[in-house]
Amino acid sequence: MLKLVVCMKQVPMVSELPWDARTGTLKRELADGMMNPACRHALAAALHLKHRFGADITAVTMGPPAAREILHEAVAMGADRGVHLSDPRMAGADTFVTSFTLARAIRHVCPDFDLVLCGSHTTDSETAQVGPQLAEELDVPGAAGVEHLEIEGTILRVRREADDFLETLEMDLPGLVTVTTRQYPPRYVSFSGLEDAFGDVEILTLGCEALGLDPAVVGMKASPTRILNVYSPVAQKENVVLKGSPKKVVDELFDRFGDRIGGAMGKDLKPHDHPSESEWTDDE
């Protein structure tokens with residue numbers, strides 16, 4: 001039977017994220033939380049493997065007490081247990097320290113795992129860094145942006161999109177993948193799943209002491225990343241309407257924006273380097 005670990009994250013359920021300008025971190029206690037969408041697809045991929053090959057699934061998350069909710073949801077969807085890394089001293093960790101802490105937890109609760117699945121990115125940061133960093137911490141091969149998985153014995157075959165190409169890669173297990181939202185639609189939660197999730201469910205809470213971690217190597221103080229500023233981008237676009245005959249419109253277009261058009265085309269356009277008036281037809 002396969003042993004799968006799904007790493008997931010609770011993210012704020014708001015479009016305007018409540019940032020703490022002083023620390024450069026999210027004020028997660030001020031927003032309702034939800035399971036990160038890509039993590040939901042990663043869990044669905046794990047459930048697909050469980051259905052085909054048989055598997056034991058451990059869902060892992062790191063976050064404040066409220067993050068425990070997504071572990072109950074994961075169990076309701078079909079995970080076998082949840083592991084909650086929750087310790088005030090772990091708060092504010094960047095991706096580097098988060099992956100280090102997750103790796104320590106995975107080695108503690110499931111040292112003989114076959115495959116770790118993560119969401120390809122999270123909606124609250126969009127860094128897509130934790131999955132690849134976690135593969136390095138666990139010292140296993142990894143593939144990011146995966147949209148399809150197949151297992152043959154101890155070989156994992158994945159398909160992913162990279163630079164507008166589809167790649168098919170193979171790796172030996174154990175390994176790690178990050179899953180996109182293209183495939184593996186999340187399952188609906190059944191009534192029996194809800195009963196399992198809030199009944200006698202196995203959810204283990206671990207802190208620094210349980211993992212044998214020195215508080216000095218976790219959380220914000222141990223994180224090398226420093227956020228200098230957080231702001232919302234403001235679109236500054238001006239709509240321009242050109243009127244007149246086709247030739248007049250094209251002449252004005254190239255007079256005003258010829259440099260930009262040429263730059264986009266990778267071509268040095270000369271003035272009026274466009275169709276002459278005789279080349280225009282009524283249909284155009």
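**Cores and salt bridges**

In this predicted model, the largest nonpolar core comprises 37 residues, and L117 and V177 are those with the most contacts inside it. Several helices and strands build this core: β1 (2-8), α1 (37-53), β6 (55-62), α2 (68-77), β8 (115-119), β9 (142-152), β10 (155-162) and β12 (175-179) each supply at least two of its residues. Of these contributors, α1 gives the most, with 8 residues.

When neighbours within four places in sequence are left aside, L117 is in contact with L4, V5, V6, C7, A42, A45, A46, V177 and V179. Apart from this core lies another, made up of 26 residues, including V60, L85, A103 and L206.

The structure holds 17 salt bridges. One of them pairs E73 with R40, whose closest N and O atoms are 2.7 Å apart. Because E73 belongs to helix α2 and R40 to helix α1, this pair ties together parts that are 33 residues apart in sequence. E73 itself is partly exposed, its relative accessible area being 24%.

A further salt bridge joins D87 and R89, with 2.9 Å between the closest N and O atoms. What is the relative accessible area of D87, and is this residue buried or exposed? The value for D87 is 12%, and the residue is buried.

The side chains of D251 and K247 meet in a salt bridge with an N to O distance of 2.8 Å. Both residues belong to helix α8 (residues 246-265), and they are 4 residues apart, so about one helical turn separates them. D251 is buried, with a relative accessible area of 13%, whereas K247 is partly exposed, with a value of 32%.

Salt bridges may also share partners, and in this way E147, R159, E161 and R182 are joined into one network.

Methods
Residues are numbered from 1 along each chain as its sequence is written. This is a predicted model: local features need pLDDT of at least 70, side-chain atom pairs count only at pLDDT 80 or more; totals for chains, interfaces and linings use all residues. Side-chain values use heavy atoms; hydrogens and water are left out. A nonpolar core is a set of buried Ala, Val, Leu, Ile, Met, Phe, Trp, Tyr and Cys residues joined through side-chain atoms within 4.5 Å. Buried means under 20% relative accessible area, exposed over 50%, partly exposed in between (1.4 Å probe, protein chains only). Contact means heavy atoms within 4.5 Å. A salt bridge is a side-chain nitrogen of Lys or Arg within 4 Å of a carboxyl oxygen of Asp or Glu.
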